[in-house]
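User: I am new to this structure and would like a guided tour. Could we begin with the overall picture and then turn to particular residues?

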Amino acid sequence: AVQQRQRRRRRRRRRRPRSRCPATVMRQALVDDTEDVSLDFGTEEEEELALRKNRIRHPLATFFHLFFRVSAIIAYLFCDWFSRSFVACFVTILILLSCDFWSVKNVTGRLLVGLRWWNQIDEDGKSHWLFEARKTTAKNRAISIEAEAQIFWLGLIVCPLIWTVFLFSTLFSLKLKWLALVIAGLSLQAANLYGYIRCKLGGSKSITRAASTYLGQQLFQRVSVRPSINN
């Protein structure tokens, strides 16, 4: 009878479910819930590329790209409120236009969009206009900044249109004393617009390639001049 009781106790123990630790149960539930779930948020490279495109890498150049030309337009519209001297207003606006022309031509175009146009005079005294664009590589495309390019082209296109409106308003209102200033502002900004459009459309030549070509031409001219002198 004692042996039968022991056998019954063993059978009851085998039938009872084993108690698990609460932490173990929670871990198993989390594993079961997330086992078949796949989350796709995009690769890290795509996220980094999107951040680079929306980020402004040259804030100072971007600021001065718009500062001088917008200041010239504001000064032209409201200069009568600040000063009654026509000469002072004329000189102030002309200085702002000149600073804008120099900064856009020599600084902001090269930094923001990788374009450059300039004039070069060779040894014979001939003038050559060069329209250059940065060589496009996979690395340059990866780090290209869309926000800077949009700001650059927006300011470059909109401001000459505003000066065109000023030109017609000056003619129709017979304010001929401002005509020379308006023509100067329109000419300076249209020159930059034309130069960068030429760079964008036809300036496939990189800056380094243009420099090497120029040095090769100069070397060839010197070599060809020496035999003629000896003869």
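**Overall picture**

Analyst: Of the 231 residues in the protein, buried residues make up 25%. Please keep in mind that this is a predicted model.

User: How many helices and strands are there, and in what order do the elements run?

Analyst: The protein has 9 helices and 2 strands. Starting at the N terminus, the order of the elements is α-α-α-α-α-β-β-α-α-α-α.

User: What share of the contacts joins residues at least 24 apart?

Analyst: Counting contacts between residues at least 6 apart in sequence, 74% join residues at least 24 apart.

User: And the accessible surface, what does that come to?

Analyst: The accessible surface is about 17500 Å², and carbon and sulfur atoms account for 59% of it.

User: Let us look at Ile 73. Where is it found, and is it buried or exposed?

Analyst: Ile 73 belongs to helix H4, which covers residues 59-82. Ile 73 counts as buried because its relative accessibility is 10%, and the cut-off for buried is under 20%.

User: Which residues does Ile 73 touch?

Analyst: Leaving aside residues up to four places away in sequence, Ile 73 touches Cys 159, Ile 162, Trp 163 and Phe 166. Ile 73 and Phe 166 are 93 residues apart along the chain, and their C-alpha atoms are separated by 9.5 Å.

User: What about Ser 71, is that residue buried or exposed?

Analyst: Ser 71 also lies in helix H4. Ser 71 is buried, with a relative accessible area of 19%. A polar atom of the Ser 71 side chain lies 2.6 Å from the backbone oxygen of Phe 67.

User: Changing topic: how many aromatic pairs does the structure hold?

Analyst: The structure holds 18 aromatic pairs. Among them, Phe 63 and Phe 64 form an edge-to-face pair, at 5.1 Å centre to centre with 75 degrees between the planes. Phe 63 is partly exposed at 46% relative accessibility, and Phe 64 is partly exposed with a relative accessible area of 29%.

User: What is the geometry of the pair formed by Tyr 76 and Trp 178?

Analyst: Tyr 76 and Trp 178 are edge-to-face, with their centres 5.6 Å apart and 85 degrees between the planes. This pair links distant parts of the chain, 102 residues apart: Tyr 76 is in helix H4, while Trp 178 is in the loop between helix H7 (146-173) and helix H8 (179-202).

User: Are those two residues buried or exposed, and why?

Analyst: Tyr 76 counts as buried because its relative accessibility is 14%. Trp 178 is buried because its relative accessible area is 7%.

User: Which residues form an aromatic cluster with them?

Analyst: Tyr 76 and Trp 178 form one aromatic cluster with Phe 86, Phe 90, Trp 163 and Phe 166. Phe 166 and Trp 163 are also touched by Ile 73.

User: Where do charged residues sit over rings?

Analyst: Two cases can be described here. The charged end of Lys 105 sits over the ring of Trp 117, 5.0 Å from its centre. Arg 198 lies over the face of Phe 131, at 4.3 Å from the ring centre.

User: Now helix H7. How many residues does H7 have, and what does it reach?

Analyst: H7 has 28 residues and reaches 40 Å from its first C-alpha to its last, close to the 40 Å expected at 1.5 Å a residue. The buried residues of H7 include Phe 152, Cys 159, Trp 163 and Phe 166.

User: What follows H7?

Analyst: H7 is followed by Leu 174, whose phi is positive, near 60 degrees. Leu 174 is a residue other than glycine, and it lies in the loop between H7 and H8. Leu 174 is exposed, with a relative accessible area of 66%.

User: Last, how does the span of H8 agree with what it should be, and what do its buried residues pack against?

Analyst: The 24 residues of H8 should span 34 Å at 1.5 Å a residue, and its end C-alpha atoms are 33 Å apart, which agrees. The buried residues of H8 include Leu 181, Gly 185, Gln 189 and Tyr 196. The buried residues of H8 pack against H4, helix H5 (86-113), strand S1 (115-121), strand S2 (127-133) and H7.

Methods. Residues are numbered from 1 along each chain as its sequence is written. This is a predicted model: local features need pLDDT of at least 70, side-chain atom pairs count only at pLDDT 80 or more; totals for chains, interfaces and linings use all residues. Side-chain values use heavy atoms; hydrogens and water are left out. Helices (H or I, at least four residues) and strands (E, at least two) are DSSP runs, numbered from the N terminus. Buried means under 20% relative accessible area, exposed over 50%, partly exposed in between (1.4 Å probe, protein chains only). Contact means heavy atoms within 4.5 Å. Rings of Phe, Tyr and Trp (its six-membered ring) pair if their centres lie within 6.5 Å; planes under 30 degrees apart count as stacked, over 60 as edge-to-face and the rest as tilted. A charge sits over a ring if NZ of Lys or CZ of Arg is within 6 Å of the ring centre and within 35 degrees of the ring normal. Accessible areas come from the Shrake-Rupley method with a 1.4 Å probe; for residues, only the protein chains shown count as cover. The expected span of a helix is 1.5 Å times one less than its number of residues. A polar contact is a pair of N or O atoms within 3.5 Å; within protein, one must be able to donate a hydrogen and the other to accept it, and residues adjacent in sequence count only if both atoms are side-chain atoms.
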